[in-house]
Amino acid sequence: MSETQTIQNSAENVSGASILLDQVTKQYPGQTKPAVGGLTMEIPAGSIVMFVGPSGCGKTTTLKMINRLIEPTDGAIVINGDNVTDMNGDKLRRQIGYVIQAGGLFPHMSVAANIGLVPKMLGWDKDRIAARVDELLELVSLDPTVYRNRYPKELSGGQQQRIGVARALAADPPILLMDEPFGAVDPITRQRLQNELLNIQAELQKTIVCVTHDFDEAVKLGDWIAIFNEGAQIEQYDSPERILANPSNEFVENFIGSGAGLKQLTLNRVHEVEQQKAVTAAPGESPEAVIARLQEAGQQNVVILDSRGRAIQWLSQRQLSRMQVISDAADPNLPLVNEQSTLNEALDAMLVASTSAALVAGRRDAFTGLITVNTVMDAISAGQAAAQGDGDAPVGLNTGSIPQISDDDAPVNAAATDRHAATNTEGDAAAAGSTVAATSENASRPRDDAREPHAENHDTVNGHTTTNGHRAPWDETRRDSSATDRGDVGEENLTETRDRP
Amino acid sequence: MQPSAYGEGGDGTRVWDFVRDSYQQILFASWQHLSLVVQCLVLATVLAVVLSALVYRSKTASALANGVSAMGLTIPSFALIGLLIAPFGFGVLPAVIVVTFFATLPILRNAVVGLNSIPASVVESARGIGMSRFRTLATVELPMAWPIILAGIRVSAQMVIGIAAVAAYTLGPGLGGFIFSGLSRLGGANAFESVVVGVVGVILLAIILDLLLVVLSRLTTSRGIRV
């Protein structure tokens with residue numbers, strides 16, 4: 001569903017920027033294994049990419065290397081075609097939004113000061129900053145007049161997190177990095193914040209990279225999900241639908257956990273599926289008239305709406321027949337869901353209330369219709385069918401880590417890589433398109449780069465370094481790199497020119 | 001009350017007479033005392049903050065700074081003054097050195113503790129939005145550590161008001177002059193009164209300075225981190 005859209009968008013009017021990690025490695029001194037090993041990864045412009053994986057797998061390290069909060073030991077980071085590996089890190093970070101758990105707000109600064117920090121560093125004038133602060137507060141659904149002058153300690157956890165997002169968006173950066181942003185808030189607030197992030201993203205179309213350890217969150221938010229194993233080995237990098245339907249290996253399966261089918265329901269929202277019409281009535285009507293209407297419509301149950309159109313009761317014909325008059329009492333146990341709720345939540349509401357349908361509320365909680373268990377089932381089958389389609393997933397694979405296993409034997413390395421690639425593709429015939437062997441041009445080209453030259457990883461980096469500074473679409477940068485990969489001579493020349501003052 | 005061994009006074013009236021007769025001198029000495037202490041405190045704060053900024057990132061250096069400040073406080077101030085007379089002679093300079101030295105120690109200790117107590121996440125988010133190391137220190141870490149540093153300054157202020165009195169031994173400025181001159185001619189006319197004026201004056205100055213620092217702390221601590 002959404003992935004094709006995103007790819008198309010990336011060519012059109014997205015404010016986000018594409019990110020390319022080119023054989024990025026982080027090796028900490030004194031450790032035998034790299035924290036991130038030779039990771040090559042493409043992050044399409046304007047999409048939300050979720051990094052998930054067990055603790056210590058290198059997902060956060062990878063995230064922090066994008067804005068170079070952690071400097072990569074090796075490899076290149078290319079944003080919108082610009083190699084940013086050697087630019088001033090502070091300047092780079094001012095152009096990339098960064099959100100951490102609990103917002104990371106500065107307690108000694110007011111909300112306005114916190115949000116205005118980056119614009120201030122970029123030299124905006126005061127009026128422009130103040131206007132921007134108000135704009136952002138409204139974007140994250142906080143009233144500027146109320147919250148502008150508050151201090152972080154006067155805010156709830158969820159509000160702090162919103163300010164954190166607002167601060168990250170202050171200078172309108174094309175990229176937003178989020179490190180377990182919703183880890184520190186309660187489940188209800190978390191859901192609300194997630195929905196809000198999706199709304200904001202629908203409006204702004206940033207490139208968002210988000211680290212989480214919660215797979216459900218990844219499924220809910222992500223256009224793409226990268227599942228990492230130790231050493232930032234990408235196990236699978238694909239759309240949530242296809243990861244759920246076709247996990248590439250056992251690790252991914254275990255990570256998804258049980259109930260993959262149920263999790264698929266979180267991909268669909270109530271407003272995306274068909275709702276059934278229901279017979280409605282108002283309090284005070286006579287039960288006989290309502291029963292007559294029900295029989296005419298061939299339905300069993302009637303929804304009683306209050307004066308503002310909100311569902312307050314859901315009555316069967318039998319219940320109606322025992323009544324003198326329809327009361328205006330509100331039943332607290334109605335299976336009510338919002339149009340923005342996921343199908344998973346809708347199903348949950350039905351199960352809790354032991355009904356085969358749930359009442360859907362739209363804007364201002366006004367009743368819009370019914371969603372039935374059958375609709376939900378259809379959505380499951382439709383989702384599974386859709387996931388069988390051909391993959392156009394972005395590239396994500398590791399090369400550098402494989403030579404780490406036995407550094408002295410080149411042929412073995414090559415074999416190991418091939419095996420690695422093979423396990424990914426063999427996993428499932430239908431998944432063949434998913435992880436690495438993608439069908440689109442975009443995806444196949446860099447894969448070739450990465451597979452050919454194992455011993456030349458470093459040279460590839462040099463090749464990129466020379467492209468530093470000149471602005472080119474990232475495809476071009478890639479082509480550069482593959483050219484250098486293939487031609488040893490050209491590459492040496494490049495290195496030489498670079499060494500010359 | 002029995003007449004004391006040190007002159008006939010002790011009933012307060014003679015002290016009062018002394019104050020009335022030489023209040024201009026007392027005021028001047030108090031002012032000089034306060035001025036010496038405040039200026040040395042400012043200097044000490046700057047020194048301590050710079051030193052703490054240099055050491056706080058390293059565990060060893062922080063421990064070293066704490067050790068030095070703990071040991072430094074065990075040096076008797078009188079002894080240090082005596083030692084400083086040899087290279088610097090009598091006058092203001094050795095007094096300033098001694099007072100600043102002792103004032104720096106508690107502030108340094110608190111500054112190191114304060115800077116180290118800032119959550120790593122806050123520093124990370126500062127770096128993450130593109131603040132340089134220096135900017136992070138100046139606009140995030142120091143303001144957040146300021147209440148703790150200020151507590152150190154208050155401790156220092158109390159301590160060095162007394163030390164400044166001792167520093168008068170080198171003929172430096174301040175109320176210490178009354179104490180030393182009184183002690184040196186105990187039994188003589190107005191000797192006891194002189195000592196009392198010196199001691200009471202020092203106590204009053206300490207209270208005034210502390211109040212000033214409380215006001216300063218209200219004015220300079222962000223509402224967001226006030227307890």
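Colleague: Which residue in β12(A) stands opposite Val279(A)?

Modeller: Keep in mind that this is a predicted model. The residue opposite Val279(A) is Val302(A), in β12(A). Now look at the strands around that pair. Three bridges join β11(A) to β12(A), which spans residues 301–305. These two strands run parallel.

Step back to the sheet. It is open and has three strands. Their order is β11-β12-β13 in chain A, and the pairing is mixed. Two strands stand at the edges: β11(A), residues 279–281, and β13(A), residues 311–316. Each has a single partner strand, so one side of each is left without a neighbour in the sheet. From one strand to the next, the twist averages 30°.

A helix belongs in this picture too. Helix α14(A), residues 287–297, lies across β11 and β12 of chain A. Its direction is at about 170° to β11(A).

Most residues other than glycine have a negative phi. Gln23(A) is not a glycine, yet its phi is positive, at about 45°. Find Gln23(A) in strand β1(A), residues 19–26. Is Gln23(A) buried or exposed? Gln23(A) counts as buried, because 26 C-beta neighbours lie inside 10 Å and the cut-off for buried is 20 or more.

Ser141(A) also has a positive phi, about 60°, and is not a glycine either. Ser141(A) sits in the loop between α6 (126–139) and α7 (144–147) of chain A. Ser141(A) has 12 other C-beta atoms within 10 Å. The cut-off for exposed is 12 or fewer, so Ser141(A) is exposed.

Next, cross over to chain B. The contact between the chains takes 21 residues from chain A and 17 residues from chain B. On the chain B side, two elements give two or more residues: α6(B), residues 120–128, and α7(B), residues 133–167. The largest share, six residues, comes from α6(B). By class, this side of chain B has seven nonpolar, seven polar and three charged residues.

What is chain B built from? The count is nine helices and zero strands. Chain B has 227 residues, and 42% of them count as buried. Take the contacts in chain B with a separation of 6 or more: residues 24 or more positions apart account for 75% of them.

Two packed helices are described by the angle between their axes and the distance between the axes. Helix α2(B), residues 23–55, packs with α7(B) at an angle of about 140°. The axes are 9 Å apart. That angle makes α2(B) oblique to α7(B). The crossing of the two helices is right-handed. Which residues meet there? From α2(B) they include Leu36(B), Val37(B) and Cys40(B). From α7(B) they include Ile149(B), Ile153(B) and Val160(B). By class, this contact has 15 nonpolar, three polar and no charged residues.

End with Lys59(B), which is found in helix α3(B), residues 59–72. Lys59(B) is exposed, because 10 other C-beta atoms lie within 10 Å. Lys59(B) and Asn116(B) are 57 residues apart in sequence. In space, C-alpha to C-alpha, Lys59(B) and Asn116(B) are 9.4 Å apart.

Note on methods: Residues are numbered from 1 along each chain as its sequence is written. Chains are lettered from A and ligands numbered from 1 in the order in which they are written. This is a predicted model: local features need pLDDT of at least 70, side-chain atom pairs count only at pLDDT 80 or more; totals for chains, interfaces and linings use all residues. Two residues are in contact if their C-beta atoms, placed from the backbone, lie within 7 Å. Helices (H or I, at least four residues) and strands (E, at least two) are DSSP runs, numbered from the N terminus. Ala, Val, Leu, Ile, Met, Phe, Trp, Tyr, Cys and Pro count as nonpolar, Asp, Glu, Lys and Arg as charged, and the others, Gly among them, as polar. Two strands pair if DSSP finds at least two bridges between them. Axes are lines fitted to C-alpha atoms, for helices over the stretch in contact, and angles run from 0 to 180 degrees between N-to-C directions. Angles under 35 degrees count as roughly parallel, over 145 as roughly antiparallel, 65 to 115 as roughly perpendicular and the rest as oblique. A crossing is left-handed if the near helix is turned anticlockwise from the far one by less than a right angle, and right-handed if clockwise.
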